[in-house]
Amino acid sequence: MANQLDEMNPVTMEEGRDASVIAKQVPIKVGWGSVLFEVILWVLAIIPGLVFLCMKISAGNHLRQLEQKINANASEIDNYLEQRVQILSNCAQLVEKSIKLDKETYTQIAALRSGGRVNDNDDTGRNELASKVDAASRGINVALERYPELQAHQQIRDAMQQNSYLQREITAARSVYNDSVNQWNHDVNQWPTKMIYAARHGYTTRVPFIASQETKEKARSTFFD
């Protein structure tokens, strides 16, 4: 049998291809084969059926514990996002005292403060909130670039340093969150016990934390001329 991927005669994409996360929760489903599998266990003898029942109970415990872990990791991201919104709000007020900050930036930050936290299971909402916080941060950075003298303001400088620190903490918390989500997506698709339990209880896959379009574009830009 010939190699399916032949490096000697490659088909290449000269233009390259960008990778993106598909933000979709996929319902876990099992077919008639899984039902037949369970029936056969009970038909063969009561012991195999009871053993598999215990295995499903264990699988349920595992998935519930993993779900709590994901929620804890998500909460940590939310806490950092809340702190970052507060820092940006304070910084915006300081900048506003010195110059007329772009109205859209100020309105956006005010909306973020009043928007509250996202629900624990709202993966999409958490991504949208992070994207809005990034945009608000960019708006303040643009103002500081236009007025370099403001960068010497100690309170503003401290606030932007705290913003930078929180941004790094969010990045680290995202990695931990995504590891847990990856474990969840792996486990709910692990047949037979975990997948059957997940399907019977209406579980879906989870969406990992996604980098905003702004972050992707910034990563592709030229930093050094």
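User: What share of the contacts with a separation of 6 or more joins residues 24 or more positions apart?
Analyst: In this predicted model, such pairs account for 79% of those contacts in the protein.

User: What makes up the secondary structure of the protein?
Analyst: Seven helices and zero strands. Along the sequence the pattern reads α-α-α-α-α-α-α.

User: Why is helix α6 called largely enclosed by the rest of the structure?
Analyst: Helix α6 spans residues 193-200. Six of its eight residues are buried, so the helix is largely enclosed.

User: Which residues of α6 are the buried ones?
Analyst: Thr193, Lys194, Met195, Ile196, Tyr197 and Ala198. Just after α6 comes glycine 202, with a positive phi of about 70 degrees.

User: Why is serine 137 called buried?
Analyst: Its relative accessible area is 4%. Buried means under 20%. The value of 4% falls under that cut-off, so serine 137 counts as buried. Serine 137 sits in helix α4, residues 123-146.

User: How do you know that the side chains of serine 137 and asparagine 163 make a polar contact?
Analyst: The distance is 3.1 Å. The cut-off is a pair of N or O atoms within 3.5 Å. The pair lies within that limit, so it qualifies as a polar contact.

User: Which residues does serine 137 contact, leaving aside neighbours within four places in sequence?
Analyst: Arg84, Leu88 and Asn163.

User: How much of the whole protein counts as buried?
Analyst: 35% of its 225 residues. The accessible surface comes to about 14600 Å², and 54% of that belongs to carbon and sulfur atoms.

Key
Residues are numbered from 1 along each chain as its sequence is written. This is a predicted model: local features need pLDDT of at least 70, side-chain atom pairs count only at pLDDT 80 or more; totals for chains, interfaces and linings use all residues. Side-chain values use heavy atoms; hydrogens and water are left out. Helices (H or I, at least four residues) and strands (E, at least two) are DSSP runs, numbered from the N terminus. Buried means under 20% relative accessible area, exposed over 50%, partly exposed in between (1.4 Å probe, protein chains only). Contact means heavy atoms within 4.5 Å. Accessible areas come from the Shrake-Rupley method with a 1.4 Å probe; for residues, only the protein chains shown count as cover. A polar contact is a pair of N or O atoms within 3.5 Å; within protein, one must be able to donate a hydrogen and the other to accept it, and residues adjacent in sequence count only if both atoms are side-chain atoms.
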